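Q: Could you walk me through this one? I'd like to go over the sheets, the helix contacts and the pocket.

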Amino acid sequence: MRGTVTIIDKGNVRVHSYMAPDAGLNVTTQLIETPGRLVAVDGQVNVADADEVVAYAKELGKPLDRLIVTHAHPDHYQGAARFSAPIHALEVVRDQMAARGDLQDLNGVPVPAAETAPTDLITPGTEVVDGVPFVFEAVSGGETTDQLLIRLPEQGVLVAQDLVYHHTHMFVGNNDIARWEVILAELADPAYDTILPGHGLPAGPAVLAENAEYLRAARELLGDDGEAYKKAIIERFPALGVPFVIDISNYYLFGTRPA
């Protein structure tokens with residue numbers, strides 16, 4: 001297996017967190033295993049990594065109820081069609097995905113928009129799936145304009161996806177660092193001891209402070225020169241992975257196309 005799977009046992013729920021390899025930006029797909037089914041969250045940047053997640057899910061022997069796409073960044077849905085399940089998303093996320101049109105993954109595999117289009121809309125609130133309450137919240141600003149946050153209150157699990165990164169560089173291309181800092185402060189809640197990031201391995205509550213530190217540094221270092229910012233942020237956080245995320249940020253901020 002190219003990716004890494006971390007299993008978190010929460011009694012009647014188990015989370016299988018798949019992290020793609022570095023070449024797949026360490027994007028995570030969460031497989032939430034309830035007593036009788038699976039709910040997948042986010043569909044990978046590369047089709048090959050999505051195939052690996054799907055193969056792993058089949059070994060669990062439970063039907064895949066749905067794939068939830070949390071936001072309209074392509075690295076979280078380009079492999080969505082491979083899950084062969086209803087695709088759920090907020091209405092605004094569905095529309096943002098449609099606006100992006102046809103794409104291709106990092107390996108050049110075509111990703112037709114029609115194949116990844118959400119089929120079911122998520123309404124913020126609580127939905128009980130196979131006896132397990134899922135609390136859906138719409139979050140605006142920060143890492144992207146609109147994103148879905150999922151809480152599993154009975155299990156103390158926060159499915160944060162790209163509201164949180166873990167041991168990887170963070171995408172600041174939405175140029176909304178101040179709002180993101182507020183969001184991170186709002187996520188701090190002792191009732192949730194497990195935080196599932198959109199890039200990186202599962203984490204505990206300390207990851208929120210780590211992300212806040214990174215954003216403070218980004219706010220300090222980010223000027224009008226993308227290459228200077230990349231050099232400075234890597235020097236500040238040399239242990240973090242996936243520096244290509246900085247290149248993607250610079251493309252959004254300065255129009256500098258990633259190498």
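A: Let me start with a term we will need: two strands are said to pair if DSSP finds at least two bridges between them. Strand β2 (residues 14-19) and strand β3 (residues 28-33) pair in the antiparallel sense, over six bridges. Please keep in mind that this is a predicted model.

Q: Which residue in β3 is the bridge partner of serine 17?
A: The partner of serine 17 is glutamine 30, in β3.

Q: And how many bridges join β1 to β2?
A: β1 and β2 run antiparallel and are joined by six bridges, with aspartate 9 having arginine 14 in β2 as its bridge partner. The hairpin of these two strands, β1 and β2, has four residues between the strands, and in this hairpin glycine 11 takes a positive phi near 80 degrees.

Q: What sheet do β1, β2 and β3 belong to?
A: They belong to an open sheet of seven strands, in the order β1-β2-β3-β4-β5-β6-β9, and its pairing is mixed. The edges are held by β1 (4-9) and β9 (120-122), each of which has a single partner strand, so one side of each is left without a neighbour in the sheet. On average, neighbouring strands of this sheet are turned by 25 degrees against each other, if direction is ignored.

Q: Which strands does helix α2 lie across?
A: Helix α2 (residues 91-100) lies across β6 (87-90) and β9, and it runs at about 105 degrees to β6.

Q: OK, next the five-stranded sheet: what is the order of its strands?
A: The order is β10-β11-β12-β13-β14, in an open sheet that again has mixed pairing. Its edge strands are β10 (125-129) and β14 (194-199), each pairing on one side only. Here neighbouring strands are turned by 30 degrees against each other on average, with direction ignored.

Q: How many bridges join β12 to β13?
A: Strand β12 (residues 146-152) runs antiparallel to β13, and three bridges join them. Arginine 151 stands opposite leucine 158 in β13. Helix α5 packs on this sheet, where it touches β13 and β14, and the direction of α5 makes about 15 degrees with that of β13.

Q: Staying with α5, at what angle do the axes of α5 and α6 cross?
A: The axes of helix α5 (residues 206-221) and α6 cross at roughly 145 degrees and come within 10 Å, and the crossing is right-handed. On the α5 side the contact is made by Tyr214, Ala217, Ala218, Glu220 and Leu221, and on the α6 side by Tyr229, Ala232, Ile233 and Arg236. By class, this contact of α5 with α6 has seven nonpolar, no polar and two charged residues.

Q: What about α6 and α7, is that crossing right-handed or left-handed?
A: α6 passes α7 in a right-handed crossing, and the axes of helix α6 (residues 226-236) and α7 come within 10 Å and cross at roughly 150 degrees. The contact is made by Gly226, Glu227, Tyr229, Lys230, Ile233 and Ile234 of α6, together with Ile246, Asp247, Asn250 and Phe254 of α7. In terms of class, the contact of α6 with α7 has five nonpolar, two polar and three charged residues.

Q: Changing topic, how much space lies in the largest pocket?
A: The largest pocket holds about 630 Å³ of space. It is lined by 24 residues, of which Pro74, Leu106, Phe244, Ile248 and Tyr252 are the closest to its centre.

Q: Which elements give two or more residues to that lining?
A: Those elements are β7 (103-104), β13 (157-165) and α7 (244-254). The largest share of the lining, five residues, comes from α7.

Q: And what classes of residue are in the lining?
A: The lining of the largest pocket has 14 nonpolar, four polar and six charged residues.

Terms used: Residues are numbered from 1 along each chain as its sequence is written. This is a predicted model: local features need pLDDT of at least 70, side-chain atom pairs count only at pLDDT 80 or more; totals for chains, interfaces and linings use all residues. Side-chain values use heavy atoms; hydrogens and water are left out. On a 1 Å grid over the protein atoms alone, a cavity is a set of points where a 1.4 Å probe fits but cannot get out, and a pocket is an open set with protein on both sides within 12 Å along at least five of seven lines; lining residues have an atom within 4 Å of a point. Grid points are joined across faces, edges and corners, and a volume is the space filled by probe spheres set on the points. Ala, Val, Leu, Ile, Met, Phe, Trp, Tyr, Cys and Pro count as nonpolar, Asp, Glu, Lys and Arg as charged, and the others, Gly among them, as polar. Axes are lines fitted to C-alpha atoms, for helices over the stretch in contact, and angles run from 0 to 180 degrees between N-to-C directions. Contact means heavy atoms within 4.5 Å. A crossing is left-handed if the near helix is turned anticlockwise from the far one by less than a right angle, and right-handed if clockwise.
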